[in-house]
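Look over the sequence and the structure first, then read the points below.

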Amino acid sequence: MITYLEAIRAAQAKALRDDPRVYIYGQDVGAFGGAFKATKNLASEFPGRVLDSPLSEDAIIGSAIGAALAGMRPIVEMQFADFSTVGFNQIVNHAATLFWRTGHSCPVTIRLPSGGTAGAGPFHSQSLEALYAHYPGLVVLTPATVEDAYAMLLEAVAIDDPVIFCEHKYLYYHLKAAELPSEAMPVGKARVARHGRDATIVSYSAMLHEALAAAEELATEGWEVEVVDLRSVKPLDTDTVLASVARTGRLLAVGESFPWGGVTSEVLARVAAEGFDLLDAPPRRLNARDTPVPYHPNLWGTHRPTAVTIAGEARSLLNF
Amino acid sequence: MPVPLEASANPPTNAPLMDRFRTGYRWMLLARMTEEKIASLYRTGKIVGGVFLGKGQEALSTAVGMSLRKGDYLAPLIRDQAARMAFGEPLLDTLRTYMGVRSGPMRGRDGNIHRGRPSEGVLAMISHLGAMVPALAGVLMAHRFQGIQNTIGATCIGDGGTSTGAFHEGLNLAAVERLPMVVVVANNQYAYSTPNTRQFVCNDLVDKALGYGIDGHSADGTCLQSCLEVLQLAADRARSGHGPQLVVASLLRLTGHGEHDDGSYIDPLLRKTPVGRDCLKLAEEKLLANSWATPAEIALWHSETQQQIEDSVAVTLREPLPDPAHEDWCALSNRHLAEG
Ligand SMILES: Cc1ncc(C[n+]2csc(CCOP(=O)(O)OP(=O)(O)O)c2C)c(N)n1
Ligand SMILES: [Mg+2]
């Protein structure tokens, strides 16, 4: 069995093996193998290509941008997604604007260990996909499965544009697959993770699994809920979402990040604008609460959506 | 009977070294034993989330706390259990924050080292290293605007944290504004697993002071006397209008980065060099060698400290945990401006 985390490591190993332009840079990614061990053994397998950086996010990302412009394919690891905000300027103003301004693309991959885990608190739990998706010029990926973690990371490295790769820390060890995929859906295509006809739940990353558990629960009550895994939040596959809503007539979008704006708002806005006539009920969205992510598990457990709250929200939608 | 330890009763900074050293030792001991207790609570699953300890850094941290007076500000960082206590943070604040109980200053909303009481002069760090340097500079600018005189601020950072933009920007700003700020670098040779050789290439971090146009001081981070003397000098100079002071102390973290980490990447030879000595042991040896304390007195300090910690843990363990149903989920002080 291979875990989500091992898939990320394996994808980086393959990228290093297949493409001499690839190198990995970040805090503690070298001999130590990274805070989460996503680069374990890579420094010794690929001497000189997996380097410990100083504690300098702005410079880590800035240097990756320069290296990408000069022909390299950097993979950068932020120790936690939360710390990428220190390099925010380089990401959104520099990497993201280059192609549009100069016609020269900027193939950097920025890995963000994202999302909440018990006890991690306000600064080691955040999900920043919406923030980055807001900016033109970035591709933002949010794999929810071991297969996608592997295939999408390889694709991220191959893409000529800057890619924000949001890997969920909760899935690192919790998610296992029998083997790595040999082929995968391309970036930009959403996937129907569970078929149903009564309602559509759109989700991504760790929340997909909460949504699937909610659908399972609802099935015991006789509801057939369809679950769509966005896979990439930018580009966002509106067609697959609309096709699902066309089948079910009901939409619930679920995300782990803060409630103001974001991916779930975007999904609702698109469906409302392009598929209003498909809806049999007002579309709903469920996100984390509008506070920083709390430390104590008692609070954290109700700060973000869970299978229970998703099922509750879905019942309201189904009974409308 | 020894007098109970109270930050308000710290000997004045011009008191004889012996008095300050004795008090300093007791803060170190309290910090060390408190953290040992926290580590054992963590191992038994009583603490969820990270535990990051200051073992080996207590002499420096204590000296930082003792160099400050009421009205000053402290912006502690990861390994500053001792500075917090010596500046007046109650033991219960530590335990309540780690346990996440409602009665603590963070009410379960934030944990461990991120605690603080801004209204009492202790800033609550964010994890993003370097960020506290400009924030503390702002406190001191406010004091200047408000005509508050004679207060200073101290903040701590690691060797790794000196590589951040915020550290550089904050220190430069403080220098330009000539703020009464002491910035203390605990050079413990590693930032998580990253050795100094991958962090900076200057000979000595204290050389950076020259670049900022500020005073720089070096301390032996394993020696309480050195730390007390250097921090006092730096605090005095900051207080008397000489602008920011950079203090760099060499030492070694005598534990993992956090309790989840065994620190196996630390060069074992370093432990045998002077930076690898245990500051608490050295301080105890000095107390005895100088007859500044008797063995019986030291033993009493140990048992009293142990009792104080056990009592406080017992209190904390009985206190209510946060309850999501009764939590006030409002991130704004202006309730009417908050969205549900
Ligand atoms: C801006 C930022 N990037 C990354 C981290 C993750 N991180 C937490 S502690 C640490 C190492 C800190 O090393 P140092 O500053 O030397 O302090 P020490 O832990 O040695 O006391 C890192 C990389 C962080 N907290 N902030
Ligand atoms: Mg360090």
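The points below cover the ligands, the cores and the salt bridges.

This is a predicted model, in which local features need pLDDT of at least 70, side-chain atom pairs count only at pLDDT 80 or more, and totals for chains, interfaces and linings use all residues. Residues are numbered from 1 along each chain as its sequence is written, chains are lettered from A and ligands numbered from 1 in the order in which they are written, and side-chain values use heavy atoms, with hydrogens and water left out.

**Ligand 1**
- Ligand 1 sits between chains A and B.
- It is surrounded by 19 residues, where near means that a heavy atom of the residue lies within 4 Å.
- The closest are A:Glu57, B:Arg79, B:Gly160, B:Gly161 and B:Asn188.
- Polar contacts are pairs of N or O atoms within 3.5 Å; within protein, one must be able to donate a hydrogen and the other to accept it, and residues adjacent in sequence count only if both atoms are side-chain atoms.
- A polar side-chain atom of A:Glu57 is 2.5 Å from a nitrogen atom of ligand 1.
- For the side chain of A:Gln79, an N or O atom lies 3.4 Å from a nitrogen atom of the ligand.
- B:Leu129 uses a polar backbone atom, 3.1 Å from a nitrogen atom of ligand 1.

**Magnesium ion (ligand 2)**
- B:Asp159 (OD), B:Asn188 (OD1) and B:Tyr190 (O) coordinate the magnesium ion at 2.0 to 2.3 Å.
- Donors are N, O and S atoms within 2.8 Å of the metal (3.2 Å for Na, K and Ca); water is not among the atoms, so sites may look incomplete.
- Along the chain, the donors follow the spacing D-x28-N-x1-Y.
- B:Asp159 lies in the loop between strand 2 (153-158) and helix 6 (165-177) of chain B, and B:Asn188 in the loop between strand 3 (181-187) and strand 4 (190-191) of chain B, so the pair ties together parts 29 residues apart in sequence.
- Helices (H or I, at least four residues) and strands (E, at least two) are DSSP runs, numbered from the N terminus.
- B:Asp159 is buried at 0% relative accessibility, and B:Asn188 is buried at 5%.
- Buried means under 20% relative accessible area, exposed over 50%, and partly exposed in between (1.4 Å probe, protein chains only).

**Nonpolar cores**
- The largest nonpolar core has 95 residues, and B:Val182 and B:Leu246 have the most contacts inside it.
- Helix 1 (residues 17-43) of chain B gives the largest share of this core, eleven residues.
- A second, separate core has 44 residues, including A:Tyr23 and A:Cys166.
- Such a core is a set of buried Ala, Val, Leu, Ile, Met, Phe, Trp, Tyr and Cys residues joined through side-chain atoms within 4.5 Å.

**Salt bridges**
- Over all chains there are 33 salt bridges, each a side-chain nitrogen of Lys or Arg within 4 Å of a carboxyl oxygen of Asp or Glu.
- A:Glu210 and A:Arg304 form one of them (3.8 Å, N to O).
- A:Glu210 lies in helix 8 of chain A and A:Arg304 in the loop between helix 11 (297-303) and helix 12 (307-318) of chain A, so the pair ties together parts 94 residues apart in sequence.
- Both A:Glu210 and A:Arg304 are buried.
- In chain B, B:Arg117 and B:Asp93 meet in a salt bridge (2.6 Å, N to O).
- B:Arg117 is partly exposed at 29% relative accessibility, whereas B:Asp93 is buried at 4%.
- A network of salt bridges links A:Glu77, A:Arg111 and A:Glu167.
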